[in-house]
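Visitor: Please show me the model, and then let us go through it by question and answer.

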Amino acid sequence: MPEVKLTVAETLSKEPKRWIATLLIALISVLLIAWSGSALESNSTGGSGLSVAKGIMLGILQPTTDILFTLQKNGVPYLLVETMCIAFLGTLVGAVISIPFAFLGAGNIIPKPVAVIFRVFVMAIRTIPSFVYGLMFIMVTGPGAFAGLLTMSVCSIGMLSKMFIETIEDLDKGILESLSASGCNTFDKIRYGIIPQLLPSFASTLIYRFDMNLRDATVLGIVGAGGIGAPLIFAMNSYRWNDVGAILLGLVILVLIVEWFSSRLRNALMRG
């Protein structure tokens with residue numbers, strides 16, 4: 001029998017009509033969402049969820065200029081600088097501690113059993129969330145920026161050590177062998193063979209971790225670890241949406257500035 005070739009239109013026409021079931025499912029989903037939204041109520045204000053959302057949007061669009069342009073301790077600029085200092089110093093302290101951990105955990109430099117021990121230790125550090133570290137250090141040092149600095153440092157150790165270990169294990173040993181054949185001593189091999197290979201990757205990792213710490217420092221302020229997080233949560237709990245808008249506007253500007261500088265630094269490192 002001759003083979004019958006169907007056109008695309010004929011093939012589609014033979015498909016079962018499922019648009020009715022699809023339309024019915026979509027309608028039910030919309031009704032369920034509308035019903036669940038009507039149940040949202042704000043106990044403190046007595047308004048619905050939509051009215052609260054409206055207050056948030058209006059507050060963000062009309063930020064409080066009194067705290068946005070003041071240099072006092074309760075002003076947004078001071079709190080942003082404090083948050084940035086917590087993130088920067090936390091990254092720096094974490095990097096200083098991570099470098100020896102990374103060399104001790106690199107299997108191509110240290111014997112395997114010793115490297116495995118340090119890898120497990122670094123993994124244990126990384127498994128604990130930053131919030132838990134923040135609450136622990138607050139119990140020890142009390143609330144404030146120092147607790148946030150310690151939290152950022154410990155959290156940075158876990159990630160930086162892992163990334164540094166991978167970079168060290170990817171070292172090109174051919175360069176070191178060439179330097180040895182040229183009669184270079186150990187210091188020369190470190191200076192001209194190891195550091196040039198590690199420095200760009202280490203610096204790029206540090207910049208990336210600083211970006212992460214800047215955002216984490218904002219969140220950690222909620223538990224009392226310093227920075228701008230605590231004023232933000234206090235303003236939200238008291239429904240001062242204009243203050244929330246001022247704080248969020250300052251955060252956006254700070255993140256954009258830091259992102260611009262970090263992108264420039266990464267590009268410079270990639271170009272050598």
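Guide: Serine 156 lies in helix α8 (residues 145–169); helices are DSSP runs of H or I with at least four residues, numbered from the N terminus. This is a predicted model, in which local features need pLDDT of at least 70, side-chain atom pairs count only at pLDDT 80 or more, and totals for chains, interfaces and linings use all residues. Residues are numbered from 1 along each chain as its sequence is written, and side-chain values use heavy atoms, with hydrogens and water left out.

Visitor: Is serine 156 buried or exposed?

Guide: Buried means under 20% relative accessible area, exposed over 50%, and partly exposed in between (1.4 Å probe, protein chains only). Serine 156 has a relative accessible area of 0%, so serine 156 is buried.

Visitor: Which residues does serine 156 touch, not counting those up to four places away in sequence?

Guide: A contact means heavy atoms within 4.5 Å. With residues up to four places away in sequence set aside, serine 156 touches Gly90, Thr91, Gly94, Ser98, Ser161, Arg209 and Asn213.

Visitor: What is the relative accessible area of leucine 92?

Guide: Leucine 92 belongs to helix α5 (residues 76–105). The residue counts as partly exposed, because its relative accessible area is 45%.

Visitor: How many helices does the protein chain have?

Guide: The pattern along the sequence is α-α-α-α-α-α-α-α-α-α-α-α. There are zero strands, and the number of helices is twelve.

Visitor: What percentage of the protein chain is made up of buried residues?

Guide: The protein chain has 272 residues. The buried share of these is 33%.

Definitions and conventions. Helix = DSSP H or I, 4+ residues; strand = E, 2+ residues; numbered from the N terminus.
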